[in-house]
Every structure is written in C-alpha cells, then in structure tokens.
Amino acid sequence: MTQQTLSGLHVLVTRPVPQQQELVAAIKAASGEVLHMPLIAIEELTDPADTNGLVVKIQNLDQYQILIFVSTNAVRLGTAWLDRYWPQFPAGGQHVEVGPGTARVLASRVRQDE
C-alpha cells in the first residue's frame, strides 16, 4: 500500500476551531500546507431571549416523537441542555442522526445515561 502525499498542495480548512485539529494534523502528516480559516463559530446559546423558548421545548420533550441531531455539535450542545432538565436521555423516543459521526457521538452520549 502506498502512502498518499499532499506535498506541494495548499489546503484551505474551513471547519470550526474545535473540529479542525484532526483534519489539519492529517494534512500536515501527508506533507500538505494548511491554511485554517473557520467560516463559523460554534457557541452555546446564552441570551435569555433565545434560551427561554428552548427551555420550554426541552421541558415538554415527552410531547415529541423524534429528536433530530444534525451534527456532532448539535449532540454535544443539545444533550448538555437536556442534562439540565431531564435526569437521563429521554427513553422510548426515537432519534435520528445526520451522518455516521453524529450517530457515534450520540450513541456514546446515550450509553453514558444507561
């Protein structure tokens, strides 16, 4: 098996800071040059105007049939909010994850509650 090289290539990485380290390291390990320019910042909601409605929805979570997680950030931040208002991940409800990475992170999170 031959190892691929990125020697002479310049790669623009636009992932947010917390999620870029592994990709940047892999590019550098393959001799590529990296320019990191995050296009978005992932931040938790803190403004009461935003959080009040979220709290009401979480407190009524047993009224929902499916939880949809669209990213690993959604799992990380969403389950942190769930922890504040539910003693464990809601049992019996279905959940859907967009992508295998999100599914792995959520599966790990759900196992912690069992």
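The model is predicted, with local features requiring pLDDT of at least 70 and side-chain atom pairs counted only at pLDDT 80 or more, while totals for chains, interfaces and linings use all residues. Residues are numbered from 1 along each chain as its sequence is written, and side-chain values use heavy atoms, with hydrogens and water left out.

**Salt bridges**

The structure holds two salt bridges, a salt bridge being a side-chain nitrogen of Lys or Arg within 4 Å of a carboxyl oxygen of Asp or Glu.

Select Glu44 and Arg84. Their side chains form a salt bridge with an N to O distance of 2.5 Å. Glu44 lies in the loop between β2 (33–36) and α2 (48–59) and Arg84 in helix α3 (residues 72–85), so this pair ties together parts that are 40 residues apart in sequence. Helices (H or I, at least four residues) and strands (E, at least two) are DSSP runs, numbered from the N terminus. Glu44 is partly exposed at 33% relative accessible area, and Arg84 is partly exposed at 44%. For these terms, buried means under 20% relative accessible area, exposed over 50%, and partly exposed in between (1.4 Å probe, protein chains only).

Next, select Asp83 and Arg109. The closest N and O atoms of this salt bridge are 2.0 Å apart. Arg109 belongs to helix α4 (residues 100–113) and Asp83 to helix α3, so the pair ties together parts that are 26 residues apart in sequence. Arg109 is buried, with 9% relative accessible area, whereas Asp83 is partly exposed at 44%.

**A charge over a ring**

The charged end of Arg84 sits over the ring of Trp81, 4.2 Å from its centre; the criterion is NZ of Lys or CZ of Arg within 6 Å of the ring centre and within 35 degrees of the ring normal.

**A surface stop**

Finally, select Ile68 in strand β3 (residues 66–69). Ile68 is exposed, at 57% relative accessibility.
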